[in-house]
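Reader: I have this model open on my screen and would like to go through it with you. Could you start with how the helices pack, before we turn to the rest?

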Amino acid sequence: MNQQMFQLNNKSAIITGGGSGIGRAMSILFAKQGAEVHIIELNAEAATDTVNEITAAGGKAVAHTCDVSKQQQVVDVFDAISKIDILVNNAGIAHIGRADNTSEADFDRIYNVNIKGVYNCLFAAIPLMKARGGGVILNTASVAAHVGITDRFAYSTSKGAIHAMTLSVARDYLHDGIRCNSISPARVHTPFVDGFIAKNYAGKEEEIFEKLSKSQPIGRMGQPEEVAALALYLCSDEAGFITGSDYPVDGGFITLNN
Ligand SMILES: NC(=O)c1ccc[n+]([C@@H]2O[C@H](COP(=O)([O-])OP(=O)(O)OC[C@H]3O[C@@H](n4cnc5c(N)ncnc54)[C@H](O)[C@@H]3O)[C@@H](O)[C@H]2O)c1
């Protein structure tokens, strides 16, 4: 018999940052598996593009323009959605710098999106999940939460916080039927990567792209679809025994870089 695994039929999934990169690939895959996908995005046009791609393929998706760093916006949007079976905290921004050359404004910007934005979504989603008997939360950390990466002070700080938030939430809501895990990608080829190469290494784009590809022992960057496949598993009923864990998806970055 051909068993269909990892189905999300009748589930409602919120994916933050679903307009681009990893979040876009997750949104498309989750919808393909039967979920009604709610994309929470700062960039309305990007969210609409993803929604149009999903609906053209026969899936269900809705775009919500919302800044995850603004708690009232998040609460209003989540309350309106109301049925939340899955929350994927994916929206995040990058920064290059060390402790002594990261400005207060840049540190606050990274904090507001990458840490407070995730807290805001947890704050808004957990009461709704508890009221309906449970749910699944997946947070997006990074290999930067686990190993020291050059010139990523504020970003690494924010991703370390994701790891700790994941453990805290997994513990606090164990008996409310809520599972909470995180994933830690190494370099994945998305507009996020292209954007920071263009911004920080103008004129040396190809050289830096090659260097960033080789920094994964497997010899290349990941694809957004490869991260989405792990996210699908962790958010599916088949992963019902998994909570409080972090999963690297990193081409050997954490364990084989020696
Ligand atoms: N690409 C990588 O190499 C990589 C590696 C490790 C971890 N990550 C993490 O994966 C996640 C997704 O990365 P990506 O590469 O797909 O990024 P991306 O820049 O391609 O997409 C991120 C999306 O989030 C949205 N967003 C940003 N700030 C927001 C806000 N305040 N409110 C709502 N939406 C907002 C953006 O509009 C964008 O569409 C991030 O958390 C990132 O830190 C990425």
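Author: Let us begin with helix 3 (residues 71-81) and helix 4, whose axes come within 9 Å and cross at roughly 30°. Please keep in mind throughout that this is a predicted model.

Reader: At what kind of angle class does that put helix 3 and helix 4, parallel or oblique?

Author: Angles under 35 degrees count as roughly parallel, and helix 3 and helix 4 are therefore roughly parallel to each other. Helix 3 passes helix 4 in a right-handed crossing.

Reader: Which residues make the contact between helix 3 and helix 4?

Author: From helix 3 the contact takes Gln71, Val74, Val75 and Phe78, while helix 4 brings Asn120, Cys121, Phe123, Ala124, Ala125 and Leu128. Sorted by class, this contact of helix 3 with helix 4 has eight nonpolar and two polar residues, with no charged ones.

Reader: OK, and helix 1, how does it sit against helix 2?

Author: The axes of helix 1 and helix 2 (residues 44-56) come within 10 Å, crossing at roughly 25°, and that makes helix 1 roughly parallel to helix 2. The crossing in which helix 1 passes helix 2 is right-handed.

Reader: What about helix 1 and helix 8, parallel or oblique?

Author: The axes of helix 1 and helix 8 come within 8 Å and cross at roughly 55°, and helix 1 and helix 8 are therefore oblique to each other. Their crossing is right-handed.

Reader: And who touches whom in helix 1 and helix 8?

Author: Helix 1 contributes Gly21, Ile22, Arg24, Ala25, Met26, Leu29 and Phe30, and helix 8 contributes Pro224, Glu225, Val227, Ala228, Ala231 and Leu232. This contact of helix 1 with helix 8 divides into 10 nonpolar residues, one polar and two charged.

Reader: Changing topic, which domains does the chain have?

Author: The domain assignment gives domain 1 (12-185 + 223-247) and domain 2 (187-221). Taken over C-alpha atoms, the centres of domain 1 and domain 2 are separated by 23 Å.

Reader: How many residues are in contact between domain 1 and domain 2?

Author: Nine residues of domain 1 are in contact with seven residues of domain 2. On the side of domain 1 that touches domain 2, helix 1 and helix 8 (224-235) each supply at least two residues, and the residues of that side divide into six nonpolar, three polar and no charged.

Reader: Now the ligand: where does it lie relative to domain 1 and domain 2?

Author: Both domain 1 and domain 2 give residues to the shell around the ligand, so the ligand lies between them.

Reader: Which residues come nearest to the ligand?

Author: There are 30 residues around the ligand, and of these Gly17, Ser20, Gly21, Gly92 and Phe192 come nearest. The elements that give two or more residues to this shell are helix 1 (21-32), strand 2 (36-41), helix 4 (104-131) and helix 6 (191-200).

Reader: And how does the shell around the ligand split by class?

Author: The shell around the ligand has 13 nonpolar residues, 14 polar ones and three charged ones.

Key: Residues numbered from 1 in each chain as written. Predicted model: local features only at pLDDT ≥ 70, side-chain atom pairs only at ≥ 80, totals over all residues. Near = placed C-beta within 6 Å. Helix = DSSP H or I, 4+ residues; strand = E, 2+ residues; numbered from the N terminus. Nonpolar A, V, L, I, M, F, W, Y, C, P; charged D, E, K, R; others polar. Domains from an automatic or database assignment. Axes fitted to C-alpha atoms, helices over the stretch in contact; angles between N-to-C directions. Parallel < 35°, antiparallel > 145°, perpendicular 65-115°, else oblique. Left-handed = near helix turned anticlockwise from the far one by under 90°. Contact = placed C-beta atoms within 7 Å.
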